[in-house]
2 protein chains.
Amino acid sequence: MKAVIISVGDELVSGVALDTNSAYLARQLGARGIEAVAHWTIGDDAETIAEALAAAAAVADCVIVTGGLGPTEDDLTRQGLARAMGSELVLDKGCLAEIEEFFRRRNRAMAPANRIQAMIPAGAKAIPNPIGTAPGIAAAVAGKAVYVTPGVPSEMEHMFANYIAPLLPREAGVIIYRTVHTFGQGESDIGSAIAELMARGGKATIGTTVAGGLVSVRVISRGADESEAGRLADQAVAEIRRRLGKLVVGLDEETMASVVGELLRRRGATLATAESCTGGMVGQFITSVPGSSDYYLGGVIAYANDMKVRQFSVPEELITRHGAVSEQAAKAMAEGCRKATGATWALSVTGIAGPAGGSEEKPVGLLYVGLAGPDGTTVHRHILPGVRETIRLRASLTALNHLRLALLD
Amino acid sequence: MKAVIISVGDELVSGVALDTNSAYLARQLGARGIEAVAHWTIGDDAETIAEALAAAAAVADCVIVTGGLGPTEDDLTRQGLARAMGSELVLDKGCLAEIEEFFRRRNRAMAPANRIQAMIPAGAKAIPNPIGTAPGIAAAVAGKAVYVTPGVPSEMEHMFANYIAPLLPREAGVIIYRTVHTFGQGESDIGSAIAELMARGGKATIGTTVAGGLVSVRVISRGADESEAGRLADQAVAEIRRRLGKLVVGLDEETMASVVGELLRRRGATLATAESCTGGMVGQFITSVPGSSDYYLGGVIAYANDMKVRQFSVPEELITRHGAVSEQAAKAMAEGCRKATGATWALSVTGIAGPAGGSEEKPVGLLYVGLAGPDGTTVHRHILPGVRETIRLRASLTALNHLRLALLD
């Protein structure tokens, strides 16, 4: 079974914004044995949308469209769909009630413009959107199933998972995607360690990707059913884990922060943080995990030198002598933070994110991570490549990774 | 003049990797007056590639293709192009010499597989690729210009800027993209306030997008030259600003954090933060701006209740009586933070991000923002919609926005 994914928006086709919905949908469809054969990105124009729908229906069994369901003049997907169906937009009273209810719950009045979002082509059905104002639409064009969702990724994902996926036909074959996230070595080193697994023609297709500061190994396995595809995927994942050992952070939806959090939780340990160059990013990662208040006490962002002195009783003389970016400062920050908060572990980060502030002796990218725990304090020095934002990201991940390795021991 | 951008790759169409090349090329073309009317992502299949090239040549004046020029079995773009041209692949000796030279400079032997990269359809021309092994290809399909580049973004960007852009016809027109970022009202309210501007057929095309928690108004203006297109864009931006007033956060590359930072810098003021539910996100946003150490002192992440007590001398009795998520706690956090750090302004955030922790009286999404400044302390209460991650994002932006509005006064 084949699908075409269409994303609609002037901001997408002009390159002002990046379409991430199509990749998400392609993976979700693949997991259900439905092959995305093309993604098309087009502008906000009803005629163009109608033509694309007709062309997609001619080559695919199923079409998914994202975007263009907003309440403003440039949102024309429902009009394009109506044109492709040879149908008219009609008011769906149930939808209108739901949109009004959405605003009522938020103590806001519905703007008249939002009424258009309750208009659905005659012969189509509305798809509920409990987390936004634009309902989706399920329809048929030239006998092929068409599903339209809002372009806002959170609304699209919610609608796909809860309402569209259950409507999709279950294919005979199953494709399973697994991902093994690693941290600590470059993509080519990881690639070398699993080179034979990556050779084409294996039972599972294996490749590497770099995303979000981690090197991830992708596994794509195909089987007659879930159990066969799953077994192949599990075998590949086990072999990758065996070869990469502690470089493996986690699988699939796991993140560095969720893995560290789970290790802390299992040990009944708590954590506090003292951040300089990362400015709160470590804390933000940790608290992105629901339930992180079970183990994360909080911390300090010590951005100005003076704050380091005040908050952790890092002796001013130490900073004057060694600098705020130094092994000594990282150690004092971690120990001061652990003492002040009473946490089992305290993690400190001090470094130079750039673009300014570097010197020959202390270049941009220099990082010290301090880790104070039950058995004492360690400090790790790194020189990170990249620009400000990648340095800050890598610094946050490097700090969390030192804690992960300490918790594994 | 119209262009279609085609990206080729199984990893792209399956959603395992994200295509960023098309957005880059669309912006580059737009800056040269060439409108990207569609992006198509397709798999590694010669027949599919040939069909896409023919279809693109039928609707556009110029086609740019990225990907599928590698040395392995699944790289089939040159074969697809030859098929679309009704031509055969022939060895380009100049290309072969360049590829051999590329390996020689790196002290590596050229693998036999790389020879295919010197094969070019008869009637086409190779485009040099000094930073990689795959030359690009300039050709014509059905009388329309076709340019093919490697899929590796750095090689594609280098080839486009140095070899393809100079070959593109200079259009009689220029397209300019501007973006006006707003915060504080929904997309439909913003749309209503600028409805006539958004009506189709105006001198500039105006639309709205929601991204990263902000509602942004996009302006696309076309003119005979840079000066005319720029003047039209400036007029539209000025009119949008006039209508939306303080809802406008900034333009183009500006962010909430960069705008707040610039306001603080201009006033010679400093800032400290006290975060609970956002767990460091506010600090991370502020410090994402280079040079933010000029005005940001740092702050505290008070995630556990106990940390609120310790760090800001928020009286324990206050938390017991009103709760950690309360107007009183937000006020005490902001004032305690301001006092402890000596900052001009202190911003506090306490709320319930969910999914757990909500109650009838204090639902998930409840947020208090405290702002302590030279003229006293204000506390703002909000109920934010969405799930954990969107609530945290909106909470951070809401807090920074209150500071922005206070600094504007």
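**How do you know? A chat about cut-offs**

Trainee: Why is B:Cys277 called buried?

Mentor: Its relative accessible area is 5%. Buried means under 20% relative accessible area, exposed means over 50%, and partly exposed is in between, using a 1.4 Å probe and protein chains only. At 5%, B:Cys277 therefore counts as buried. By the way, this is a predicted model, where local features need pLDDT of at least 70, side-chain atom pairs count only at pLDDT 80 or more, and totals for chains, interfaces and linings use all residues. Residues are numbered from 1 along each chain as its sequence is written, chains are lettered from A and ligands numbered from 1 in the order written, and side-chain values use heavy atoms, leaving out hydrogens and water.

Trainee: How many disulfides does the structure hold?

Mentor: Zero, over all chains. Take B:Cys277: the nearest cysteine sulfur belongs to B:Cys337 and is 15 Å away. A disulfide needs a pair of cysteine sulfur atoms within 2.5 Å, so at 15 Å B:Cys277 is in no disulfide.

Trainee: What makes B:Cys95 count as buried?

Mentor: Its relative accessibility is 5%, so that one passes the test too.

Trainee: Why are helix 2 of chain B and helix 6 of chain B called roughly parallel?

Mentor: Helices (H or I, at least four residues) and strands (E, at least two) are DSSP runs, numbered from the N terminus. The axes of these two helices come within 11 Å and cross at roughly 15 degrees. Axes are lines fitted to C-alpha atoms, for helices over the stretch in contact, with angles from 0 to 180 degrees between N-to-C directions. Under 35 degrees is roughly parallel, over 145 roughly antiparallel, 65 to 115 roughly perpendicular, and the rest oblique. So at roughly 15 degrees helix 2 and helix 6 of chain B are roughly parallel.

Trainee: Which residues make that contact?

Mentor: Contact means heavy atoms within 4.5 Å. Helix 2 of chain B brings residues including B:Tyr24 and B:Leu25, and helix 6 of chain B brings residues including B:Met156 and B:Phe160.

Trainee: How do you know that strand 1 of chain B is largely enclosed?

Mentor: Six of its seven residues are buried, so the rest of the structure largely encloses it.

Trainee: What makes strand 1 and strand 2 of chain B a pair?

Mentor: Strands pair if DSSP finds at least two bridges between them. These two have seven, in the parallel sense, so they pass. B:Ser7 stands opposite B:Thr41 in strand 2 of chain B. Strand 1 of chain B also pairs with strand 3 of chain B, in the parallel sense over five bridges, with B:Ile6 opposite B:Val65.

Trainee: Which strands are called edge strands in the open sheet of twelve?

Mentor: Strand 6 (125-127) of chain A and strand 6 (125-127) of chain B, as each pairs on one side only. The twist averages 20 degrees from one strand to the next.

Trainee: Why is A:Leu244 called buried?

Mentor: Its relative accessibility is 5%, so it counts as buried. A:Leu244 is in helix 9 (residues 226-244) of chain A. Among the residues it touches are A:Ile190 and A:Val217.

Trainee: What makes helix 2 of chain A mostly covered?

Mentor: Eight of its eleven residues are buried, among them A:Tyr24 and A:Leu29. The buried residues pack against elements including strand 1 of chain A and helix 1 (10-13) of chain B.

Terms used
Lists of a residue's contacts leave out its neighbours within four places in sequence.
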